[in-house]
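Here are my notes on the model you sent.

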Amino acid sequence: MIGELARRLLGAGLDATPDELGEILWLAQRLPAAGDAPARAIDGEPAAPPAVDGGADTAPVAPAGEPPPPLPAAPAPSPTPARSEAPVSLYATRMAGTIQASTLRVPGVAATGQPAELRRALQPFARRVASRWRSVLDEDDTAERAADSGVWCPVYRPLRERWFDLALVVEAGASMALWDEALADFVRTLRAHGGFRSIATHRWDDPAGLALSSADGRRRYPLSQIVRPDRRQLLLLVSDATSPRWRSGAAQALLRELGAATSVGVLQLLPRSVWRHTALGEPELTLYAERAGDPNHRLKALLPWWIDAQDAAGSLGVPVVGLEPAALGQWARSMTARGGAAVPGVLLAAPAPAAASMTPA
């Protein structure tokens with residue numbers, strides 16, 4: 001067998017050594033059978049291709065008096081290549097120079113990729129202060145006073161508690177649906193932070209009036225129900241300032257109503273670079289509080305040169321906060337009156353008096 005193989009290789013112009021002949025025979029044992037692949041003659045000439053059942057034109061014709069040859073087996077389907085699980089980059093791995101980009105929030109994406117930075121930004125709210133109404137028994141002071149005077153009289157001291165209650169008034173609208181998951185993530189971060197006595201979420205879906213609804217939409221109540229003048233409270237109107245309520249003046253009326261009794265600001269969801277294109281506009285004031293939790297009508301404002309102090313009389317300054325750690329930290333320091341911290345804001349002009357009737361008496 002080996003001699004026949006060597007003779008045929010030599011006839012084909014291939015001079016194989018004994019070692020090469022052994023490797024050829026070893027490889028031949030591991031090659032697929034002749035029916036699995038197109039056959040090729042040893043002498044290098046291609047073998048006759050197998051017949052394919054392609055219809056009447058290609059069907060083999062058997063000689064007369066002989067049974068027809070069996071049809072060849074259908075070729076095995078080629079295996080589908082395995083799908084690569086390697087991650088594919090969606091951006092160029094190399095780029096030259098710098099480019100400008102804007103943040104885009106989409107459903108399913110968290111409010112921020114920096115939860116630790118958010119918690120640090122809100123840290124000023126974690127300070128505990130003496131309660132105005134709640135007290136606790138001071139056992140040490142009671143025992144010392146009884147030992148000195150011989151009279152057992154309980155001594156109470158104010159309970160240390162968190163500073164503020166926080167209320168989020170979320171505007172309802174078609175464009176606000178984009179922020180549902182981001183706001184839910186933000187509220188979870190606020191609750192996990194533990195810096196507020198309570199956190200309540202309200203829905204503002206009244207197109208013109210000052211009525212609010214619960215977060216699930218089952219209850220409706222007036223705006224005055226969420227104002228707590230007896231407690232330190234912060235309110236944030238959560239909006240992108242693009243709805244018809246801002247063009248009709250309903251949003252400004254709501255802010256003036258709240259700012260007269262408590263501290264209210266606007267949590268602007270859009271990036272800072274596009275604020276000037278909204279009805280709220282770009283913040284042009286610098287606001288700061290002399291005491292923690294001051295309502296808006298007590299906030300001090302640094303006016304730009306183009307706004308006269310006399311023209312600003314009767315107007316209301318409203319802080320504007322972005323949904324990012326730096327802006328929220330600036331707002332937290334300002335609302336807790338930490339070191340003269342200030343926050344950007346807008347000026348809401350006082351409502352114009354009703355025009356006098358021109359109808360003659």
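1. E117 is partly exposed, at 32% relative accessibility. Buried here means under 20% relative accessible area, exposed means over 50%, and partly exposed lies in between (1.4 Å probe, protein chains only). The model is predicted: local features need pLDDT of at least 70 and side-chain atom pairs count only at pLDDT 80 or more, while totals for chains, interfaces and linings use all residues. Residues are numbered from 1 along each chain as its sequence is written, and side-chain values use heavy atoms, with hydrogens and water left out.

2. What does E117 pair with? Its salt-bridge partner is R120, with the closest N and O atoms 3.5 Å apart. A salt bridge is a side-chain nitrogen of Lys or Arg within 4 Å of a carboxyl oxygen of Asp or Glu. Both residues belong to helix α3 (residues 115–121), three residues apart, about one turn of the helix. R120 is exposed, with a relative accessible area of 55%. Helices (H or I, at least four residues) and strands (E, at least two) are DSSP runs, numbered from the N terminus.

3. The structure holds eight salt bridges. One of them joins R245 and E171 (3.1 Å, N to O). This pair links distant parts of the chain, with R245 in helix α6 (residues 244–248) and E171 in strand β3, 74 residues apart. Both R245 and E171 are buried. Another salt bridge joins D294 to R291, the closest N and O atoms being 3.7 Å apart; D294 is buried, at 6% relative accessibility. D165, R197 and R231 are linked in a network of salt bridges.

4. The open sheet has 10 strands in the order β6-β5-β4-β3-β7-β8-β11-β12-β9-β10, with mixed pairing. Two strands pair if DSSP finds at least two bridges between them. β6 (220–222) and β10 (300–302) are at the edges and have a single partner strand each, so one side of each is left without a neighbour in the sheet. The twist averages 40 degrees from one strand to the next. Axes are lines fitted to C-alpha atoms, for helices over the stretch in contact, and angles run from 0 to 180 degrees between N-to-C directions.

5. Strands β3 (residues 165–171) and β4 (residues 198–204) pair in the parallel sense over seven bridges. The bridge partner of D165 in β4 is S198. Helix α5 (residues 180–193) lies across β3, β4, β7 (233–239) and β8 (263–268), running at about 180 degrees to β3. Contact means heavy atoms within 4.5 Å.
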